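User: Hey, I've got this one open on my screen and would like to talk it through. Can you help me pick it apart?
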Amino acid sequence: MRCLWLYKFRRNGRHTECGYDHIKVCCKNATIGIPTAKTGDAGIGGYVGIKTSGDLKITDCEVNNVTLSAEDKSNGAGAGGVIGHNDGGSTYAYDILINKLGYVRGNNSVSVSNLIGWNKSAGLSSKFIGVSVNNTDCLPDIQYNNSEAPTNFTAVHSDYNGTQDNTKNIGEGSNTHVDIYSPYVNINPSVAVGGKTFSGDFVGGNMQTIISDAASYTNGTKTKSYGINSTIKTYAEDLANSKLTTFRQASELDVQELNDLPVLLIDDNSSLNITQMLAKYISVLTNCDVCDSSSNKLKTTDLMNVSTATYVYDNDVLKKSDKSTLTFNSKTGYFKVTDGQYDNDGTNRFTVITLDYIDPTGSGKTALRLHIPVFVRKVLDFSFQSYVISGTDYNHSHYTDKTKLAFESFDAPVTTYFKYSYYKSANEWEKMLNNGDSLLWSFDKKLYLIGDNATDSGVLTDDTKLTLVDANNNDKTYHSTASDAKFNKTTGELDLTNISGFKPVTMNDVLLRYASVTAKESSDGTLVEAADEATATVKTSDGKYYRPAGENETGTYKITVSANSDTPKNDNDEMIISENYYLTINIPETGSSKKVIKNFVNYYSGNKPRKLNGNIPTNLVQVTNNDTGAYVIANFFTQLVSVTAHDPEEITASNNFIHATMTSKISIDRSLRDTFNGYKSDDFNMYQAFKFSMKNFDENDAGANAKIIAGTSVNVDYSILNSSDTELSNAKISKTETLSEAKDSYMLMYPGSVYDYINSDTNGSITVKADISLTYGTAGIIDQFPERKDGDTKTGIGVNAASYVAYSQNNIENSSISKSGGMPARRYYRKAMTVAQLNYNVAESTVLESKDSPFSQLGINAKDMTTEEMAITANAIYDLSALSRSTKDSGKKIQYTMRLYVKDNSGDYKQTNDISKYLSSFTLENATSSSGLNGKECVFTADYNGEEQNTAVTKFTVKTGKAFEEQGLTYANYRVELTAVLLNDNNSVVNGTTSSDYVVYTNAKIETGFINS
């Protein structure tokens, strides 16, 4: 049949002032052409050639095996499956089939399309609901001038393959459906499940084909596809790795009638993400964009109603549940998972999104109903973050966004701090627990140490040392090697549970760190107390266990979860609960096949994040643009270190300091320089420090480490020289401080980063130089330096230093880029010095027991004595005020030693061999111990409590007269010498605390009568 339609002629309709009658007709097996006489604004269409005014309503129509011909080469013509040239009025249509539509164009100016060949004005309204295009070259639905892009054009496609096998069954829904007629596009395809009918291309199994065709669409393609725009194509490309699956795969259940039912898997808690995903699927499914690009919400109109319902399959019957797992808010345009509801509860359930497209012709009924089954899987949002620092740092506050890349050498440790954070509100946790879900289990703890490419993954040597610190369990530490931990050298997987002794905390333990979990007896409770952990599903804050109640069990409890006041929350008011770990990795150079190792620390490998293995499905949420840290291991730098000690060696009150010079030549491996600079960040820093130390040698040249005492004044002058040994003027820095406490060594860290100096040097080499002076007071000299006696050439303090280069200031002392200098031969010493003072004097003058006259008690005259003994009291004041605080603190008791000397005929005092011959007693008040008088000396100890002034009262009794003479002893002057020292914990003498003083008494026998007369 050949039909010639004039631009004013209308078939199957009556052109009136009011518009067009409702058209319901079939045009089959025809060739329709534009007459030769027409030369401009012509139109040829399956139903209307040129629509100039009035509204057009078309329902239940098909254009089948029709060719639209413009072979007369007319200019400006439009050829469309429904309307050729749309000049005015509105168009309303549903249930439209376009099949085997062909075009003959003699002029490229003729525009062709599936529905409207040419749309003259942007404001024209055209609504097509339920359009199926088959066996037709891929064309747009509408053509128009770019300046007249239509704003009121809608075309919702359905029945992608034109099956038309369902002629009577309307899909499940609550809204009244229009009567159904051929070509049945608005009810096909359809499937029956458990006595319910669901309709649309999604349930019909066409979704993946539609996605693939749309993603591969190019303009003018001959393959089966809608004529789509670039936005729909982009959506389809995004859905290539989609959530499209089957009920069996999503539920992990085996239900024969449900197994192959197509579903969309929803395993995300974010309403925004869920809505965005569903909007893209609906857009691609219908070739009609309903995704709001500014907010990612679902764009709804008065022609589309959205509803949701959850169905449960039981005994071959599908029943609607009272509560839907998924809801849609028509006001906000967002889908949301209902709190505490999910489909993976083992009860053969799924949820259906129903799209009711309203009859655009005005009946208010549903013209097209599409069903999209979804499976809402209970899912726990989580994030994984890792940071890396050079060294062994177990303080989480040191790990920040700036510690994402760490450099270190072989045989030196790097530490990664990594944490898993979980996001769920207290109310959601509470509902889970009351539903009987268990939290007494742990997620897997697998790390992947992966490189930039496959060859850089799995490069840990077997004897790489691993130290795992569990920050969730009082920093409990576990040690292993990569081999013992079964490190996978192919994938880079490190399963931490392979480290001997380690068992990760349960999710219950994690929750209890951030929330109070309590159980209260309640008649509508769902839990009962459990005998032990083995049968329980939850442990409460008081340590009790609970399990789901069995049938007819009484004494039920309800769980309440309340977030702690300091528990962090996100914008959705979800608690953020975390489990945290540290892993220290030390890779030896021996056995490594790599000169440079770079590994990222992640919880998965490859391009696709994995789900954590546990009892709850998980969904990864990204916290920052860079949630994973990395380390680079290589011996990038070398050092040469020297130490020079300067004269003089003897330390005195006037020469009270020592002076040393330390240098470190730091060079980068030239072969690795470009590699290093390629890895480092723009704000990269590198630090250098000297570790200055002392060693105490005795007269036998035996050495022991010596502390640098408190109170030492330290001055350091830093300078940096380039590879030509020219001092850099902008790098000189001085530092002065007084040590508040004794130190085993002194770290002299260059205050700024040294890397820029190295990098800017032509040869990549600099020398850091530090001149150090340590100045002491008199007490400090005594404390710091040993006494060298005559003939001794070995005793003294030697100095040395090591240089450290590190990528982190916190790890400077643990860096493997270290080198020690050779200890200089020069040793610093002092001669005998003391600062403690002892004053020993008689208490006061007293009246002697004499015949008549008073005499000083230091003068004893046997002639005038009525007894043969005389008691003398003398006070000793031990003054320690000049000692350093550290010296005083080291003293634990005072030792007093008394010695007795007699003056001979030559005028010299000689020590007596047996004090008991001359004194019948010698006592010291408050002494805690005494050696007695036998022998050459008498030793006492007394308590010491840190006082600066210590008083000791001594009393001694002198023998005289007949008993004295009978022993053949000599009347003479006698000197009583008292020596005081501080003793430390080891009963050793504390340096600089020895001091002595004495009193002299005269023991005589003189006739004094002539003196009195």
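User: What covers the buried residues of helix 1?
Analyst: The cover includes helix 2 (230–238), strand 16 (244–246) and helix 4 (271–286). Helices (H or I, at least four residues) and strands (E, at least two) are DSSP runs, numbered from the N terminus. Keep in mind that this is a predicted model, where local features need pLDDT of at least 70, side-chain atom pairs count only at pLDDT 80 or more, and totals for chains, interfaces and linings use all residues. Residues are numbered from 1 along each chain as its sequence is written, and side-chain values use heavy atoms, with hydrogens and water left out.
User: And which residues of helix 1 are buried?
Analyst: In helix 1 (residues 207–215) those are Met207, Ile210, Ile211, Asp213 and Ala214. Buried means under 20% relative accessible area, exposed is over 50%, and partly exposed is in between (1.4 Å probe, protein chains only).
User: Switching to charges: how many salt bridges are there?
Analyst: The count is 28, where a salt bridge is a side-chain nitrogen of Lys or Arg within 4 Å of a carboxyl oxygen of Asp or Glu. Lys243, Asp267 and Lys611 are joined in a network of them.
User: What does Lys691 pair with?
Analyst: Lys691 makes a salt bridge with Glu813, with the closest N and O atoms 2.9 Å apart. That pair links distant parts of the chain, 122 residues apart: Lys691 is in strand 42 (residues 687–697), and Glu813 is in the loop between strand 48 (796–806) and strand 49 (817–820). Lys691 is partly exposed at 22%, and Glu813 is partly exposed at 40%.
User: How about Glu948 and Lys888, what's the N to O distance there?
Analyst: Their salt bridge has N to O at 3.0 Å. Glu948 sits in the loop between strand 57 (937–943) and strand 58 (949–959) and Lys888 in helix 10 (residues 885–890), so the pair ties together parts 60 residues apart in sequence.
User: Is Lys888 buried or exposed?
Analyst: Lys888 is buried, with a relative accessible area of 6%, while Glu948 is partly exposed at 38%.
User: New topic. Where is Ser383?
Analyst: Ser383 belongs to strand 24 (residues 380–390) and is buried, at 0% relative accessible area.
User: What does its side chain make a polar contact with?
Analyst: The Ser383 side chain makes one with the side chain of Tyr423, at 2.9 Å. A polar contact is a pair of N or O atoms within 3.5 Å; within protein, one must be able to donate a hydrogen and the other to accept it, and residues adjacent in sequence count only if both atoms are side-chain atoms.
User: Which residues is Ser383 in contact with, leaving aside neighbours within four places in sequence?
Analyst: Among them are Lys419, Tyr420, Leu620 and Val623, with contact meaning heavy atoms within 4.5 Å.
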